[in-house]
Amino acid sequence: MKWAEIEGTHINTNVIQTFYWKDGTLRIWFIGDQLPIEYDDPDQVLYVKLCRSQGIRPAEEENNG
């Protein structure tokens, strides 16, 4: 299992289906869930942390080179 810590909660990232940041909110969908878990993240701190924990660059960096 691979884990990331978000606001004091340890998340098993192996069960994340998708996640994204929009309008100051990080949204994480887990496999089998209908709705995402949402975190206030106005400065993308949590989003970037989750991306880095997964070994990926944030989408904005991918689109800008």
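A residue is buried under 20% relative accessible area, exposed over 50%, and partly exposed in between, with a 1.4 Å probe and protein chains only. This is a predicted model, where local features need pLDDT of at least 70 and side-chain atom pairs count only at pLDDT 80 or more, while totals for chains, interfaces and linings use all residues. Residues are numbered from 1 along each chain as its sequence is written, and side-chain values use heavy atoms, with hydrogens and water left out.

**Figure 1. The protein chain has two helices and five strands.** Helices (H or I, at least four residues) and strands (E, at least two) are DSSP runs, numbered from the N terminus. From that end, the order of elements is β-β-β-β-β-α-α. The radius of gyration is 11 Å, close to the 11 Å that the globule rule gives for 65 residues, so the chain is as compact as a globular protein of that length. The radius is taken over C-alpha atoms, and the rule is 2.2 Å times the number of residues to the power 0.38. Along the principal axes, the C-alpha atoms fill a box of roughly 30 × 25 × 20 Å. Buried residues make up 32% of the 65 residues. The accessible surface of the chain is about 4400 Å². Carbon and sulfur atoms hold 49% of that surface. Such areas come from the Shrake-Rupley method with a 1.4 Å probe; for residues, only the protein chains shown count as cover. Among contacts with a separation of 6 or more, 23% join residues 24 or more positions apart. A contact means heavy atoms within 4.5 Å.

**Figure 2. Strand S4 pairs with S3 and with S5.** Two strands pair if DSSP finds at least two bridges between them. S3 (residues 16–22) and S4 (residues 25–30) run antiparallel, over six bridges. Here isoleucine 16 has phenylalanine 30 of S4 as its bridge partner. S4 and S5 (residues 37–40) are also antiparallel, over four bridges. In this pairing, isoleucine 28 stands opposite isoleucine 37 of S5. S4 is mostly covered, with five of its six residues buried. In a regular strand, side chains alternate between the two faces of the sheet.

**Figure 3. Two hairpins hold residues with positive phi.** The hairpin of S3 and S4 has two residues between the strands. Aspartate 23 lies in that loop. Its phi is near 50 degrees, a positive value in a residue other than glycine. Aspartate 23 is exposed, at 66% relative accessible area. The hairpin of S4 and S5 has six residues between the strands. There, glycine 32 takes a positive phi near 90 degrees. Most residues other than glycine have a negative phi.

**Figure 4. Glutamate 7 has a positive phi in the loop between S1 and S2.** The value is about 50 degrees, although glutamate 7 is not a glycine. Strand S2 spans 9–12. Glutamate 7 is exposed, with a relative accessible area of 51%.

**Figure 5. The whole structure holds two aromatic pairs.** Rings of Phe, Tyr and Trp (its six-membered ring) pair if their centres lie within 6.5 Å; planes under 30 degrees apart count as stacked, over 60 as edge-to-face and the rest as tilted. Phenylalanine 19 and tyrosine 47 are edge-to-face, at 6.1 Å centre to centre and 65 degrees between the planes. This pair links distant parts of the chain: phenylalanine 19 sits in S3 and tyrosine 47 in helix H1 (residues 45–53), 28 residues apart. Both phenylalanine 19 and tyrosine 47 are buried. Tyrosine 20 and tryptophan 29 are stacked, because their ring centres lie 5.6 Å apart and their planes are at 20 degrees. Tyrosine 20 is partly exposed, at 34% relative accessibility.

**Figure 6. Two salt bridges are found.** A salt bridge puts a side-chain nitrogen of Lys or Arg within 4 Å of a carboxyl oxygen of Asp or Glu. Glutamate 5 and lysine 49 meet at 2.8 Å, N to O. They link distant parts of the chain: glutamate 5 lies in S1 (residues 3–6) and lysine 49 in H1, 44 residues apart. Glutamate 5 is partly exposed at 30% relative accessible area, and lysine 49 is partly exposed at 39%. Arginine 27 and glutamate 38 meet at 3.4 Å, N to O. Arginine 27 is in S4 and glutamate 38 in S5, so the pair ties together parts 11 residues apart in sequence. Arginine 27 is buried, with a relative accessible area of 17%.
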